[in-house]
Amino acid sequence: GAMRSRAEVDATLRTAKLNPGELLPAVHCLSFGPQGGAGECCLLQLEAGLCAELQAGRSLVIRGEKDEKAVLCSKDKTYDMKIADTSNMLLFVPGCKTPEELNTDEASCNIIHSQIAGFSNNYWELRRCRPKLKKLRKLLMEDPYEGPDIGKDQTSTASKYTTEDLLSLIQASEEEILHQLQVIDACVIDGYWRVLEFDYEMKLLNHVTQLIDSESWSLNKVPLRTCLEELGPLEPTEMIEHILLSYGRKYTDDAGEVYFEMREDKICRAIAQMLLQNAVKFNLSEFQEVWQQSVPEGMSTSLDQLKGLALVDKASRPETIFLLKVEDLPEDNQERFNSLFSIREKWTEVDITPYIQDLCAEKQTVGALLTKYARSSMQNGVKVYNSRRPIS
Amino acid sequence: TTRLPGSAGAGSLEQWVLVELQGEVEPRGGGALPGSLLGDLHYTREGIPVLIVGHHILYGKVVQLEKPFAVLMKQAADPAGTHYTVTALIKTKLLFKTRPKPIITNVPKKV
């Protein structure tokens, strides 16, 4: 249809009994665009920092397979997406000026014909969430690296994932994914991210600890060069360096030589896992004796090293210990608590903390989680937590 | 996966404005919405938005949004799934919450 003229606008003002003298001279005549608008565009409410990221030219990505709820990822954060309804009508108008913009633009045209690009009565809301990283470990465990001797590694790439593959499959930001890969000691072999099969990892670690012992090196000063020379004939040099990086802290001395300060807690913990995975449970004191004898000379074992890996049953006589890995438990909060309460009816805060710590959202405490998902009571003078609902 | 690119190429993202109205928008006389007129938007010299829609006057206010919006536009569907692009940012809204004042066109004559 024909666009409105100044005369028509003025006539409307007279009918409305509005005094043009009290108004700014410019008027926007709003009409609906050719597509009508509904369904073509939607609104996404931006959390702090995201607007600046978009304006700086960075992208946001929506990730989720058909069976997953969509999340939005920036470069380093992950957000849940939820539709929020409003009882009002939201119209999006390009080129619509605010009073400030009109006042500063003296030459502004008297009539601004603005087309409404779209309208909606809802928008996407974002809420920062924990990145969904359990799937990352699951994918990499489909085909753990067992060493170069195993011929099968040359063949299939079906269960092998590049960085790009992981970015498209994991509901997390790139930085969160790369950080988690480092946490689980993954490495790139032939362009694919791999985790080491546990037995192979222990074999590599054993080479290193035996060498440290035979060379009588200090645990804080293990030389990279000599390790590669001595162990090179036995294993690929990349794997030797990888195991040193996983279980030690790298540093360079004044002469430019690379050394590793071995991580006592991590080594003792790995050796405990090796011992514990062979049976359902162990007599605690027997285990502690064997464990201390199995770790490198100069290292001391402590049950503190096993948080999130093993659980002590203080109620049994004699006391026992069994493997319980937090990474094997469900990722969802309610499912995690259900699983923990089905393993043990009542937990002390000290015992349960390592198994729920990773559920804490930004600024959320373990205490807040316990208040929400558990019920507390006193048992023999000690505060314990149990399920809020009956566990079948 | 859907990538929402930020401001691609030269120039920054367009800034649009949100107009928030109560109730639903219906075309006049039962016609189609596309192409039809909504109304005239004026501002008073104090910066108050005034919207004349049909026989109603709406007074509103300019609100700087605490959380800006990104306008996502759907691209043509392809086998990989639905794709959206960020078309514009919205940092300001014109909120019309007041009850519309009807425009009285016939004043009864005194007898």
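What percentage of the 111 residues of chain B count as buried? In this predicted model, the share is 41%, where buried stands for under 20% relative accessible area, exposed for over 50% and partly exposed for values in between (1.4 Å probe, protein chains only). Residues are numbered from 1 along each chain as its sequence is written, and chains are lettered from A in the order in which they are written. Local features need pLDDT of at least 70, side-chain atom pairs count only at pLDDT 80 or more, and totals for chains, interfaces and linings use all residues, while side-chain values rest on heavy atoms, without hydrogens and water.

Chain B holds 8 strands and 0 helices, both taken as DSSP runs numbered from the N terminus (helices H or I, at least four residues; strands E, at least two). Strand 7 of chain B, residues 84-95, is mostly covered, with 9 of its 12 residues buried. Strand 7 pairs with strand 2 (residues 14-22) in parallel fashion through 7 bridges, pairing being called when DSSP finds at least two bridges between two strands. Within this pairing, B:T92 of strand 7 sits opposite B:V17.
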